[in-house]
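Here is a quick tour for someone meeting this structure for the first time. Have a look, then read on.

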Number of protein chains: 2
Amino acid sequence: MEKIPYKIFLTEEEMPKSWYNLRADMNNKPAPLLNPQTKQPCTLAELEKVFCKELAKQELDDSTRFIPIPDEIRNFYRMFRPSPLIRAYCLEEKLGTPAHIYYKFEGNNTSGSHKLNSAIAQAYYAKQQGLKGVTTETGAGQWGTALSMACSYYGLDCKVFMVKVSYEQKPFRREVMHVYGASVTPSPSIETSVGRKILMEHPGTNGSLGCAISEAVEVAVNLEGYRYVLGSVMNLVGLHQSIIGLETKAALDKYGIKADIIIGCAGGGSNLQGLIAPFMGEKIRGENDYRIIAVEPKSCPSLTRGAFAYDYCDTGHICPLAKMKTLGSNFIPSANHAGGLRYHGMSSTLSQLYEDGLMEATSVEQTKVFEAGIEFARVEGILPAPESNHAIRIAIDEALKCKETGEAKNIVFGLTGTGYFDLFAYERYRNKEMADYIPTDEELQASFAKLPKI
Amino acid sequence: MEKIPYKIFLTEEEMPKSWYNLRADMNNKPAPLLNPQTKQPCTLAELEKVFCKELAKQELDDSTRFIPIPDEIRNFYRMFRPSPLIRAYCLEEKLGTPAHIYYKFEGNNTSGSHKLNSAIAQAYYAKQQGLKGVTTETGAGQWGTALSMACSYYGLDCKVFMVKVSYEQKPFRREVMHVYGASVTPSPSIETSVGRKILMEHPGTNGSLGCAISEAVEVAVNLEGYRYVLGSVMNLVGLHQSIIGLETKAALDKYGIKADIIIGCAGGGSNLQGLIAPFMGEKIRGENDYRIIAVEPKSCPSLTRGAFAYDYCDTGHICPLAKMKTLGSNFIPSANHAGGLRYHGMSSTLSQLYEDGLMEATSVEQTKVFEAGIEFARVEGILPAPESNHAIRIAIDEALKCKETGEAKNIVFGLTGTGYFDLFAYERYRNKEMADYIPTDEELQASFAKLPKI
C-alpha cells in the first residue's frame, strides 16, 4: 500500500456527480414542516411562495436517493473542490497517539467555509427561475459571505440581514459581502415590520438569528422577483452539503481506509449532515458501523439538552414550524459566546437520527474549544474557525483516549472553515477574557414552556 | 489532449526535491553584498554574525544550480503544497478573451501568502543550528505571520518588529502572530538604540520597513542564540521561493502548455523571483523565450524609476549594502499607499536581470489595482491580496490586448496571497476614499542625491 499523502485530493473528474439524499435511506423520516397558520404539513405550493421552486421540491423529497448536480454548479465547484482530506500527521505526532486523524478541510475558498457548497446551488436555482435576487440572514457571517459570492457569480441581487452584534463586531465580514456586491443590513432593522416590532419591544437588542430570519423572509415574500434562501437547518441544505461526505468517503476508499469515528460540529447542522451522510447511510442499511459524534457548544446545547418538539424556526413566527431538537425559538445564547453554532434548533434530519440512537452528541465549553484550536493551528498550520474548533476538541480527546488504550483508530473530522474573521475571539481567549456560560435547567424549562402546543 | 482542469495539482511526490538557484545560470551575476563599515564584499564569517550559517552560505552561493530541499522542510510543505495552478476559465469568459489565463495560487495557507515557503526553510536552518529564536521585521504582515507559524512549528522564539502603522491598522494580522506565539513590537520602538534614535528625530513617525529591519538586526546581533531572518530582497529568499516557479512549470509541462507571458507583482522581489526562476533560466540559456513582466506600485517604483546603485538595505545603515534598483534607503511611500510592495529597493538578482534587458517592468496606480482585484474576485471567487492585484491588473490588460488581436496567448501570473486582512483598504477603495500618489522627479532626485558613494 502506497504511503498516505498529507492531502488526499480527488481529481475534478472524481468529484461526485450527484448529491446524496440521506432521508431516502432513513427508516424514520424527519417529520414534515408545518404551515405556521394552519399547523398542517406545508405543501409545495406554500413553500414556493418563500423558497425557489426547485429548492422547495428538494426540501420535500425524502425518497430520491441521488439528485444530479447540474453541470453549472459542478463547474463552480471546480474552483474550490474537490476539497482535500488531510492526514493530520503533525497533530498525531504532537499528541503521541497511535490514532490516525483525518480532516476534511472546507475552508479553502474566500467565503472561508463549507457554506459555499449550498450557496452556489441555491443561487443557481434562483437564477434558473428568473429571479432578480434573494434575501437571507447571517450570524457569524460565513453564510452571508458565501451567498454574496454565489450571487455575484450569477449577477443576482443579494440582501443580507446580519445579526446586529456581528455586524458591529465583524466589519471585515461585512466588507467581504460588500466587495461581492451584497447589501448588508444590521438586524433588527427598521426596514421590516417584524424588525420594527422587535426594536419597539427590545430597544437595546443585539439581534439574533431567529429575528434576522424573520426579517429576510418578510422582505422576500413582499418583493417582486425575490425569494428567501438559507444556509442551514433545512433538508435541502443538508442535501447540497452531502458533497462533503461523499468526497470524504471516496478519498478514504481510495486508500482503503475505514473510518471508526466521524466527528463534526453542529449548529443548525449543515456541515455535520453533509459530512456524515454516506457513512450514516451505510450504518442505517447495516453495511458498516461508525461512531458518529455531533459536537455543540455548552452555551447552546440543542441536541444534548433541547426538547424534541415542533417549534418555530424564527423569532417572528412567520416561517414554517419544524420538528427538531430545540431550546425554544426565543432562546439566545449568552452574549459572550463566540463564533457561530448559536441557532436555537437543529436540522430535523439530525434530530431524528439522534433520537433514533444512530448518532451521539456532546457539548463543550468554549475555552476548551479555543484551546484545542490553538493547539491544532500551531502544528497543522491552518487557523480554524471557532465552529470547527468544537470538532477538533473532541477529535483530540478521542485521539488521547487511543493513546491510553493503544488503539490505532481512524478518526475523521470536519474542519468547516478558517478563523480569519474571528481573531477578536482568539484574542479574548488568549487574554483570558473569555468566560464559559452554561444555561441552567430552570432557564431551559422556562423556554420549553413557551414551545407551541402541537 | 485531455481537457485542462480548473486546478492543476501536482502530487506530493511530484513536488520539487530541490530549489533552483537562478544565479548559477546568470551571465552577469548580481553584485556582492558589501560590509557597511569596510565597504568590501561581505565574507561568510561576517554574514554568519547576523544570519544563520546555512542561510549565509546559500546567500553567497551563485554557482550551485540545484540545492536539495531537506526532507523536514518538504514534509512541512506537504501541508499546503504543491499549490494549485488554476486556469481562470471564469475570468476568461468574463473578459471575452481568447487568451488562456493561469494563476499560481499561493494563498491556501494560514499565513495567506507565499512567504511561508521561505519562512519554514529559515526556521528549519535556525533550529538545526541550535538557536533559541529569530528576529525579523514585517510591513503588511504577511512575512511576520508566516515566520510566526514556522517558528511555532519548530518551537523557536520569534520576535517581530512590525511597522507601526500596520501594527495599529491591522490588529488581526498582529493577533494571528500572537496565536502562533510570536512577540510583536510596533516599530520604531524604545527597545533598540536605533529605534530610540529614530523616535527622537521623528517623534510622530509611522515607521517604515527600513527602520524595522534595523531594529530586528540590532536585537539579533546582541541577543545570545538569536539571528536575524527576512522575507524578501535577499538571494536566499529567491532561492526558496523558486519552488513556486518549479511547480508552475511542472504543471504547465504536464499539459504541454508553453507560457507566453509571465507576470508577477514586485516589492522586494521574493515572489517574482521565485515564480520566474525556471522560465528565466531557460531564457538565459536560450532554450525558450518568454515575456516576463514585473508589476510594481506607481507610489513605490523601484524598478521603473529607481537608480541602479549600491544602497543600504535599512534605515539605520547597519545591514550590508546591496547593489540594486533603489529609491534610496530613506524613501517611504505615501501613507495612503495600501498593502505591501513598499520597500525602497529590489532584489539584486531581479535588478540585474532588469538591467540586462531580460525582464520588463511596469507600474500601476493603486485604484486600478483594486478595481482589477474586485473584478477578479467576483468571477474567480478568491479575494486577492492588494499585492497580488498588481499582477491581476496587468494580466487582465494583456488578456484584453489578446481580445483585440485575436491571439490565444498563454498568460501566467502569480496570485501571491489572500486579502482577508486588507479589507479596510478594499473598503476605502469602494467608498472612493483611496487616492493615487506618484512621487515627483524632484523627490526622487533628492533621494538619489543621498545614495552612498561607492
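## Inside the core

Start with Ile263(A): leaving out residues up to four places away in sequence, it touches Leu275(A), Ile293(A), Val295(A), Ala391(A), Ile394(A), Ala395(A), Glu398(A), Ile411(A), Val412(A), Phe413(A) and Gly414(A). Contact here means heavy atoms within 4.5 Å.

The largest nonpolar core has 290 residues, and Ile263(A) is among those with the most contacts inside it, along with Trp19(A), Phe413(A), Trp19(B), Ile263(B) and Phe413(B). Such a core is a set of buried Ala, Val, Leu, Ile, Met, Phe, Trp, Tyr and Cys residues joined through side-chain atoms within 4.5 Å, with buried meaning under 20% relative accessible area (1.4 Å probe, protein chains only).

## About the model

This is a predicted model, where local features need pLDDT of at least 70, side-chain atom pairs need 80 or more, and totals for chains, interfaces and linings use all residues. Residues are numbered from 1 along each chain as written, chains are lettered from A and ligands numbered from 1 in the order written, and side-chain values use heavy atoms, without hydrogens or water.

## Where the chains meet

Chain B and chain A each put 41 residues into their contact. Together they bury about 4000 Å², with 61% from carbon and sulfur atoms; this is the accessible area (1.4 Å probe) lost on being put together, summed over both. On chain B's side, Phe172(B), Arg378(B) and Tyr420(B) lose the most area to chain A, together 18% of what that side buries.

The copies meet through the same surface, because 100% of chain B's interface residues are also interface residues in chain A.

Key. Buried means under 20% relative accessible area, exposed over 50%, partly exposed in between (1.4 Å probe, protein chains only). Buried area is the accessible area (1.4 Å probe) that two parts lose on being put together, summed over both.
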